[in-house]
Amino acid sequence: MSNIPGDLQYTRSHEWVRALADGTVEVGISDHAQAALGDLVFVELPEPGRALKAGEACAVVESVKAASDVYAPIAGTVVTVNEQLAQSPELVNSDPYGGGWMMRLRPAAGALEGLLSAQAYAAVTAGA
Amino acid sequence: MDFGGWDMPVAYGSQIDEHHAVRQAAGVFDVSHMCVADLHGPRTRELLSRLLANDVARLAMSGKALYSCMLNERAGVIDDLIVYFLAEDCFRLVVNAGTRTGDLAWIAHHAGPYGVRVEERTDLAMLAVQGPAAREHVVALLPEADAARARALPVFYGTQLRDWFVARTGYTGEDGFEIMLPLAQAAPLWRQLNAAGVRSCGLGARDTLRLEAGMNLYGNDMDEHTNPLESGLAWTVAFEPATRDFVGRASLEAVRNAGPARRLVGLVLDERAVLRAHQRVQAPGIGDGEVTSGTFSPTLSCSIGLARVPAATGNTVQVDVRGRLLNARVVRPPFVRHGKALVGTIAAATSAAGAAG
């Protein structure tokens, strides 16, 4: 059973979203996703300032097994990315919701609609 | 995951941690999917002399092992295997899981005229215990008389210790044992090894370890459509004595005399990406090749691979990695020996420069 924190929102493509106090959102990939990928060896993150559409491929995680795209969970602009992942991609495996965060976005207006609750995401992964 | 019909774990936890455990201490692998076949009969040696590209005449002392390819008439590799000389009328072969049916059929077909009986040992499991501390862990579990014999075993020899056939062989580039034992004893031995601190390791670590050690994987790095000379396996072919005819000899001599058109090389990628099988390789001004095996090397912290390229390929190539042409260095495997990197990496050079500066 993978860990799915109740205070976050999710996408079908296994990204999570955390609303921050300053109005930005923090984004990463779920515990289910990191377990399926295996040990990560490289993470490619987008440039700060880049504007993303919801569902747009914006990052790449490469594990020993395979490379996978990470998709923007919402429309928004990249404010900052987690520089630690260049040296320590394994943070995504060991701490997917904490130290393994990938990027912070400033959401476009109305962007937070359509995300899954923890319960709904649990149902998605149970079916997987 | 399903590995050739066997249900096997890719990793028990972190495959990178499992890899480091083998390089630094000891790990245990379940390799029971491999096929053990004992060949019986006074003419077994003659049969193997004909069937194998390496020469079993090199097996003079009981227990000695030999790594060899088994070729078809076109010098394509049917399989790579290890043969153990147990007695003049009994040799043991260990062949790959995926090729077991074809191998056994091929051997049986050739065995008839020599009166050799092939006995597939489905009663045996196989565990590989590998790493600098591996042998000590196994020896510690043996009664004293057996422990002494195991401790004395030279590299590439095997010995029967009661129910266990213990061989000082492996597929990781580290020292260790491969133990062939009755099925029912495998799980208890596994648990005893875990209790002594030997890490359980899966297929993922097996692949990163063998590739660092420059060891081929049948199906990736060679197959029945490639010959040993273009697969980095010329060292396993015994052309001398010239009087020894073996299946595929004539075809292989023709390749040797003409000069092989392709060769298998090692690649090191200094960019933040991973080499993978089937990626196209460009040798500038010479021609194209293909990555046959690729992975991330935990010891080197960069990607390494093997590739089949035109024979004239020089020191650098470009590899098409997910649509980008990345530079890779051509090196001679192995990439790692005794736990140490043999090839320099940009990461190592920059950190050394940083420390010195």
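The model is predicted, so local features need pLDDT of at least 70 and side-chain atom pairs count only at pLDDT 80 or more, while totals for chains, interfaces and linings use all residues. Residues are numbered from 1 along each chain as its sequence is written, and chains are lettered from A in the order in which they are written.

**Chain B overall**
- Chain B holds nine helices and 21 strands, where helices (H or I, at least four residues) and strands (E, at least two) are DSSP runs numbered from the N terminus.
- For 357 residues a compact globule would have a radius of gyration near 21 Å, and the 21 Å of chain B agrees with this; the radius is taken over C-alpha atoms, and the globule rule is 2.2 Å times the number of residues to the power 0.38.
- Of the 357 residues of chain B, 43% count as buried, a term that requires 20 or more other C-beta atoms, placed from the backbone, within 10 Å of the residue's own.

**Helix α1 of chain B**
- Helix α1 (residues 15-24) of chain B is mostly covered, with seven of its ten residues buried, among them B:I16, B:H19 and B:V22.
- The buried residues of α1(B) pack against β3 (27-30), β9 (124-130), β13 (199-200) and α7 (203-212) of chain B.

**Side towards chain A**
- Contact, meaning C-beta atoms placed from the backbone that lie within 7 Å, joins 13 residues of chain B to seven residues of chain A.
- On this side of chain B, α1, α7 and β16 (287-297) each supply at least two residues.

Conventions: A residue is buried if 20 or more other C-beta atoms lie within 10 Å of its own, exposed if 12 or fewer, and partly exposed in between; C-beta atoms are placed from the backbone. Two residues are in contact if their C-beta atoms, placed from the backbone, lie within 7 Å.
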